[in-house]
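Here are my notes on the charged side chains, as promised. Have the structure open while you read.

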Amino acid sequence: MVSKDMLRYGTVRSCIRELFEYGKQRAAVVGEENVYDFSLGNPSVPAPEEVNQAIRNIVNELPSKAIHSYTSGPGSNTARTAIANNLNKRFGTDYKFTDLYLTAGAAAALTAVSRALTIDDKTEFIAFAPFFTEYSCFATTAGAKLTVIPADIPAFQINFELLDKSINENTQGVIVNSPNNPSGVIYTEETIKGLAALLKRKSADVGHPIFIISDEPYRELVYEGKVPFIPHYYPNTIICYSYSKSLSLPGERIGYALVPGSVEDHDDVYNAIAGAGRILGYVCAPSLMQHVITRCADIKPDLRPYIENRELIYNGLTEIGYNCAKPSGAFYLFVEAPNGDAQAFSNMAKQHDLLIVPGNDFGCPSYVRISYCVDHDMVKRSLPVFKKLMEKVRA
Ligand code: PLP
């Protein structure tokens, strides 16, 4: 009666959502202060006051029709111009508003790009473990295949030997995500240069461009070092961006796909993304949020609470004896399960109302993810529980 695939996506909850729902149930029983919920990546820093003020001003200043009407499919020219100006100022580029296609967040940008680049059922995309779990459904529902390159443990950069072997004439794109969910690691400039060199060589071998699809919702959440701006290194880069994390607006659904002028067959790529947005029924990105971005494209996030949490949890856990990938950005800590089995360790933690996500779905079954976009006090209260768990494993 219905599509088996869609039914599965609609009924089987992700492990993250399962833990989150469980946490809510437990809080009702044992009290909120006794549940240590590190499951979700919902920003704990409130949206900047400038954003809230912009919403009030827009509602007070503009006629209702101007705020709530359909915009053109790729987004209003003013919002796209504001974004292009921001990028050009920061990265010395010369992007035009016609390079930007506004979307309901990075997820919508990624699904549209996956559809746009899928040529037939032989098409392949490549992702690097650990990877955002939704990539596999974005690729497969587009009709393509997702090949996952195993994690480069413990540095969480890229295993180029395996990448080299995995590329073939059907490879259309390589998805990168830095700062990374779930590891918090940033790809170094050396990694990006290596990736660019390899993909240039492979594109020549297979006779068509292999695109980098750079998924960048955490680009502004950086605590150490710099995030190399990938189009500077590789011309065939398409960026999928979101304001969900940088402006703490995940429920408002606003982001974009950027197709720089350097992308081969730029207009076809751009128009195919717009076509994908059309058939997916996106129509246009939320109009009020387009007005907000027009006014707030230059606003920077307040990183202080994340920095404080990162210090506390990273230092706290390493002192107890946990091995963690040192996170330079995003708001995740990726920790080696001390018993070697992430699922078993997550289950064990759950018995103590400590909710941490096993890395299995991220393609890394020996690590667990801790989302530290939470209340600072909860991080403090959770450390003795992490200690108890370590003692249990060592006993
Ligand atoms: N990509 C990564 C790596 C993410 O972590 C997320 C959300 O958590 C997304 C994409 C989707 O972001 P959005 O809320 O903008 O759709």
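Which residues form a negative surface patch?

1. The patch is made by Glu 264, Asp 265, Asp 267 and Asp 268. Here Asp and Glu count as negative and Lys and Arg as positive, with His and the chain ends not counted. Patch members need over 30% relative accessible area and no salt bridge, and like charges are joined within 9 Å (nonpolar side chains, namely Val, Leu, Ile, Met, Phe, Trp and Tyr, within 5 Å). Each charge is placed at NZ of Lys, CZ of Arg, CG of Asp or CD of Glu.

2. Before going further, a word on the source: this is a predicted model, where local features need pLDDT of at least 70 and side-chain atom pairs count only at pLDDT 80 or more, while totals for chains, interfaces and linings use all residues. Residues are numbered from 1 along each chain as its sequence is written, and side-chain values use heavy atoms, leaving out hydrogens and water.

3. Back to Glu 264: you'll find this residue in the loop between β8 (255-258) and α10 (266-279). Helices (H or I, at least four residues) and strands (E, at least two) are DSSP runs numbered from the N terminus. Glu 264 has a relative accessible area of 43%, so it is partly exposed; buried means under 20%, exposed over 50%, and partly exposed in between (1.4 Å probe, protein chains only).

4. How many salt bridges does the structure hold? There are 18, each a side-chain nitrogen of Lys or Arg within 4 Å of a carboxyl oxygen of Asp or Glu. One of them pairs Glu 18 with Arg 13, with the closest N and O atoms 3.6 Å apart. Glu 18 is partly exposed at 41%, and Arg 13 is also partly exposed, at 45%.

5. Lys 145 bridges to Glu 124, closest N and O atoms 3.9 Å apart. Lys 145 sits in strand β4 (residues 145-149) and Glu 124 in strand β3 (residues 124-128), so the pair ties together parts 21 residues apart in sequence. Lys 145 is partly exposed at 44%, but Glu 124 is buried at 10%.

6. Arg 310 and Glu 224 form another salt bridge, at 3.1 Å between the closest N and O atoms. Arg 310 is in helix α12 (residues 304-320) and Glu 224 in the loop between β6 (211-215) and β7 (237-242), so this pair ties together parts 86 residues apart in sequence. Arg 310 is buried, at 4%, whereas Glu 224 is partly exposed, at 34%.

7. Finally, have a look at Arg 90, Glu 216, Arg 219 and Glu 220, which are linked in a salt-bridge network.

Technical notes:
Areas by Shrake-Rupley, 256 points an atom, 1.4 Å probe, with all protein chains shown as cover.
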